[in-house]
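The sequence and structure come first, and the description follows.

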Amino acid sequence: MTGPRASAGSPLAPVAALVGAAVIFVVAWQAVVVAFGLQVFVLPPPADVARRFVTAWTDGTIEPHVAATLVEIALGFAVGAGAGLAVGWLLARSRVAGLVLSPYLVAAQSTPVLALAPVLTVWFGTGLLPKVLICALIVFFPVAVSTMVGFRSVDRRLLELAASLRANGRQRFATIELPAALPAVLGGIRVGVTLAVVGAIVAEWAGPDKGLGALILIAQRSLFDVPLMFATLATIALLGIVLYGAVVLVERQLVGERG
């Protein structure tokens, strides 16, 4: 039976599921506010947050902070992902590098970025550099690990075949290693791009002058504007979704549709 309904195999099914989940979330949110009689300063109703979201964008309150956060995310992600790709490839190719670098990588990952943020702020001030470094640090580890796993999982028989055909290192990398490792690498980049948003917000809390993280603190401490806080959180969430979706689109272009 065919019709306008979005069946499981229809292209509209994911959109319908997304809209349905959003509606359920908003209804549950409103129900909690009404059931417990919560005041706006505790949990504002969805309508109040929606109105504040619109006014924050129309009156120019939020745009400069979004622009600042996007710069931090772009630079931090580029530095962290670039370093992660290089180190991950090195770890996959060299056992010595793995033995030498792995303890430092694990130690760095085990240290909360929130604890490192004040130190970097003391060293480099409250400008752009410490924010980029914090963002890069939080992006680096998942990209490095996924890159290492991807290159280590290349089928050895394919490499032996390439050697028998006398392929040089560049040909082997371009035709066998990179295509085989790419799904894992892009999986790490998926995680990294969302963590870049987290890193930027954490960095802005450590050195609050501009950015969405700083706007949350301003709304909390100076204005006590709780709807603005929630509108900023919604903006951060949307930003993460858009960046994640962009990576997914790139992944589909490079490796095709994956389940």
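## The second largest pocket

The second largest pocket is lined by Leu105, Ala108, Gln109, Thr111, Val113, Leu116, Leu137, Ile138, Phe140 and Phe141. The model is predicted: local features need pLDDT of at least 70 and side-chain atom pairs count only at pLDDT 80 or more, while totals for chains, interfaces and linings use all residues. Residues are numbered from 1 along each chain as its sequence is written, and side-chain values use heavy atoms, with hydrogens and water left out.

A pocket is an open set of points on a 1 Å grid over the protein atoms alone, where a 1.4 Å probe fits and protein lies on both sides within 12 Å along at least five of seven lines; lining residues have an atom within 4 Å of a point. The second largest pocket holds about 150 Å³ of space, a volume being the space filled by probe spheres set on the points, which are joined across faces, edges and corners. Helix 4 (95-110), helix 5 (113-124) and helix 6 each supply at least two lining residues, and helix 6 gives the most, with four. Helices are DSSP runs of H or I with at least four residues, numbered from the N terminus. The lining has eight nonpolar residues, two polar and no charged. Here Ala, Val, Leu, Ile, Met, Phe, Trp, Tyr, Cys and Pro count as nonpolar, Asp, Glu, Lys and Arg as charged, and the others, Gly among them, as polar.

## The largest pocket

The largest pocket has a volume of about 510 Å³. Of its 16 lining residues, Ala22, Phe25, Val26, Trp29 and Ala234 lie nearest its centre. This lining consists of 16 nonpolar residues, with no polar and no charged. Helix 1 (13-36), helix 2 (46-58) and helix 10 (226-255) each supply at least two of the lining residues.

## Helix 5

The buried residues of helix 5 are Val113, Ala117, Leu120 and Thr121, where buried means under 20% relative accessible area and exposed over 50% (1.4 Å probe, protein chains only). They are on the same side of helix 5 because they cover an arc of only 105° around the axis; the arc is that of the directions from the helix axis to the C-beta atoms. On the other side of helix 5, Val122 and Trp123 are exposed. Just after helix 5, Gly125 takes a positive phi of about 85°.

## Ser146

Ser146 lies in helix 6 (residues 128-152). Ser146 counts as buried because its relative accessibility is 11%. Leaving out residues up to four places away in sequence, Ser146 touches Ala184, Val185 and Gly188, with contact meaning heavy atoms within 4.5 Å.
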